[in-house]
Amino acid sequence: MLITDQLKQSMKYLGITGVDMARKLSTFRSDDRKRAPETISRWISGKASIDAGVMAWIDQSVRIKAYMKWTPEFGPGAKL
């Protein structure tokens with residue numbers, strides 16, 4: 001599987017768009033710069049390489065969502 005395909009599938013699973021992803025990634029930057037939605041589009045189309053840190057963040061986000069979905073004490077309707 002290509003990394004671009006993995007990124008597309010992960011974004012679909014998480015229910016986020018390129019604009020949403022750009023906003024979320026901008027909050028993690030320490031230099032207060034914004035991540036442009038156009039950058040996300042270039043990653044998805046394969047025109048630019050995807051940062052390893054971004055893929056690690058996506059991977060962790062997918063794992064957290066899957067864990068919360070399948071663990072009853074953290075899943076939908078859980079009393080926290």
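**Figure 1. Aromatic rings and the Lys65–Tyr13 contact in the predicted model.** The structure contains zero aromatic pairs, a pair being rings of Phe, Tyr and Trp (its six-membered ring) whose centres lie within 6.5 Å, with planes under 30 degrees apart counted as stacked, over 60 as edge-to-face and the rest as tilted. The charged end of Lys65 lies over the ring of Tyr13, 4.8 Å from its centre; the criterion is NZ of Lys or CZ of Arg within 6 Å of the ring centre and within 35 degrees of the ring normal. This is a predicted model, in which local features need pLDDT of at least 70 and side-chain atom pairs count only at pLDDT 80 or more, while totals for chains, interfaces and linings use all residues. Residues are numbered from 1 along each chain as its sequence is written, and side-chain values use heavy atoms, with hydrogens and water left out.

**Figure 2. The salt bridge between Arg23 and Asp20.** Two salt bridges are present in the structure, each defined as a side-chain nitrogen of Lys or Arg within 4 Å of a carboxyl oxygen of Asp or Glu. Arg23 and Asp20 are joined by one of them, at 4.0 Å from N to O. Both residues belong to helix 2 (residues 18-27) and are three residues apart, about one turn of the helix; helices are DSSP runs (H or I, at least four residues) and strands likewise (E, at least two), numbered from the N terminus. Arg23 is exposed, at 57% relative accessible area, and Asp20 is partly exposed, at 27% (buried, under 20%; exposed, over 50%; partly exposed, in between; 1.4 Å probe, protein chains only).

**Figure 3. The salt bridge between Asp59 and Arg63.** The closest N and O atoms of this pair are 3.0 Å apart. The two residues lie four residues apart in helix 4 (residues 52-70), a separation of about one helical turn. Asp59 is partly exposed, with 30% relative accessibility, whereas Arg63 is exposed, with 53%.

**Figure 4. The buried side of helix 3.** Thr39, Ile40 and Trp43 are buried in helix 3 (residues 37-45). They cover an arc of only 100° around the axis, and therefore lie on the same side of helix 3; the arc is taken from the directions from the helix axis to the C-beta atoms. Helix 1 (3-14), helix 2 and helix 4 are among the elements covering these residues, contact meaning heavy atoms within 4.5 Å. Gly46, with a positive phi near 85°, follows helix 3.
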